[in-house]
Amino acid sequence: MASTLDEGTTDTSWTLVVAMANNGVIGRGNTLPWHLRSDLQRFKQMTMGHCLLMGRKTYESIGRPLPGRQTIVLTRSMQDPEVPHLNLARQLDDVSALVQAGRKVMVVGGAELYRTALGRCQTIWLTRVLADIQGDTVFPELDWEAWDLQSAEEIDAGPQDDWQTRFEIWKRKSNIARVQQDP
Ligand SMILES: NC(=O)c1ccc[n+]([C@@H]2O[C@H](COP(=O)([O-])OP(=O)(O)OC[C@H]3O[C@@H](n4cnc5c(N)ncnc54)[C@H](OP(=O)(O)O)[C@@H]3O)[C@@H](O)[C@H]2O)c1
């Protein structure tokens, strides 16, 4: 199964995956406020075979489990539709027990889910959409000082992309690293 994640590791940490405009916007009218085919393709490649954890509103926006991946929806209200590879979690602490063997957890939004799950994430895959965009949903406040930028790749807008983007990978600084930096 194709993935750019390290294969065969025992890493159980969660990864947050988000596309965010310069002004922090991530959504509008319960959908994405842009068309970015190249980003969707990367999302598919990087999440394939793993487990997508999403909020109920984002799940309703997508409308179905994405193929080749397990989907866990965090919700207090949704009834279980008993669809293969779809699980419901009533609280964050229930998620780990639901994750199928060998799958990594990708926290894929929206804003409320990011706010809830950010503390459990060690990695952020951030697509910066290089524009200010109107919307009604923004990424939560984040102390970027607690994170290290590991890599950044500039991506020109392709024929089916509304905007130029930059794909960044951030890792949470370890407590040890922070202690060493503090005088
Ligand atoms: N740009 C991106 O990368 C990206 C990614 C994903 C989504 N989005 C956008 O973000 C927007 C949706 O975000 P949103 O913040 O409105 O909604 P959301 O986070 O997708 O879903 C919110 C719902 O999740 C459930 N939930 C959240 N925290 C919970 C908790 N601690 N325990 C139990 N259930 C919990 C609740 O469902 P119940 O009401 O059922 O209890 C809540 O109403 C859309 O516009 C979408 O397109 C953007």
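Predicted model: local features only at pLDDT ≥ 70, side-chain atom pairs only at ≥ 80, totals over all residues.
Beyond its neighbours within four places in sequence, K171 makes contact with Q122, T123, W147, D148 and Q150. A146 lies 25 residues away from K171 along the chain, yet the C-alpha atoms of the two are separated by 8.7 Å. K171 counts as partly exposed because 14 C-beta neighbours lie inside 10 Å, whereas a buried residue would need 20 or more and an exposed one 12 or fewer.

Attention now turns to the ligand. The molecule is surrounded by 27 residues, and the closest of these are G27, G55, T58, G109 and G110. Several secondary-structure elements each provide at least two residues of this shell: the strands β1 (14–21) and β2 (25–27), together with the helices α2 (56–62) and α4 (111–117). Sorted by class, the shell holds 13 polar residues, 10 nonpolar residues and four charged residues.

The protein chain has a mean pLDDT of 91, with 89% of its residues at 70 or more. Two stretches call for more care. Over residues 1–10, pLDDT stays under 50, and the model shows 12 contacts beyond four places in sequence for this stretch.

Notes: Residues numbered from 1 in each chain as written. Near = placed C-beta within 6 Å. Helix = DSSP H or I, 4+ residues; strand = E, 2+ residues; numbered from the N terminus. Nonpolar A, V, L, I, M, F, W, Y, C, P; charged D, E, K, R; others polar. pLDDT = per-residue confidence, 0-100. Contact = placed C-beta atoms within 7 Å.
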